[in-house]
Amino acid sequence: MNQLVRDKTPEIMLNEGKKIEVRTARGREYEYMLAKKLETDVQEFLMDRKNVDKIAEIEEVLRCLADVNEIDWEKMEDVREKKVQSRGSFRRKIIIEKVE
């Protein structure tokens, strides 16, 4: 299997009677596994865009990636809000087709 799982997943699996082997990611492996998880979750979301559970999973992975890289989520949110104020969001669905 070799995949990063949520903290309580091993306990849940054991309670279901499953036999599992676990280990803790070391060093940069954790960040690599988070990135891999993010990629997988984004692909799954793109196949089912109404999946609220997958969006929540993606946000949790992003929060962990921010933490690993010592990026404060609150500060990131401030930066995001400032970008929305200065440059807007993507909600108006604007596509630039040509620039000369």
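Colleague: What links R6, K37, D41, E44, K54 and E57?

Modeller: R6, K37, D41, E44, K54 and E57 are joined in a network of salt bridges. A salt bridge here is a side-chain nitrogen of Lys or Arg within 4 Å of a carboxyl oxygen of Asp or Glu. The structure holds 11 salt bridges. This is a predicted model, in which local features need pLDDT of at least 70 and side-chain atom pairs count only at pLDDT 80 or more, while totals for chains, interfaces and linings use all residues. Residues are numbered from 1 along each chain as its sequence is written, and side-chain values use heavy atoms, with hydrogens and water left out.

Colleague: What makes E16 and K18 a salt bridge?

Modeller: The closest N and O atoms of E16 and K18 are 3.2 Å apart, and the limit is 4 Å, so the pair qualifies. The side chains of E16 and K18 are also joined by a polar contact of 3.2 Å. A polar contact is a pair of N or O atoms within 3.5 Å; within protein, one must be able to donate a hydrogen and the other to accept it, and residues adjacent in sequence count only if both atoms are side-chain atoms.

Colleague: Why is E31 called buried?

Modeller: E31 has a relative accessible area of 17%. Buried means under 20%, exposed over 50%, and partly exposed in between (1.4 Å probe, protein chains only), so E31 is buried. E31 forms a salt bridge with R28, with the closest N and O atoms 3.0 Å apart. R28 has 65% relative accessibility and therefore counts as exposed.

Colleague: What makes a patch of D72, E74, D78 and E81?

Modeller: D72, E74, D78 and E81 gather in a patch of negative charge on the surface. Patches take residues with over 30% relative accessible area and no salt bridge, joining like charges within 9 Å and nonpolar side chains (Val, Leu, Ile, Met, Phe, Trp, Tyr) within 5 Å. D78 is at 42% and E81 at 41%, so both pass the area cut-off.

Colleague: Which residues form the nonpolar patch?

Modeller: I94, I96 and V99 form the nonpolar patch, with about 370 Å² of accessible area together. V99 has a relative accessible area of 70% and is therefore exposed.

Definitions and conventions
Areas by Shrake-Rupley, 256 points an atom, 1.4 Å probe, with all protein chains shown as cover. Lys, Arg positive; Asp, Glu negative; His and termini not counted. Charge placed at Lys NZ, Arg CZ, Asp CG, Glu CD.
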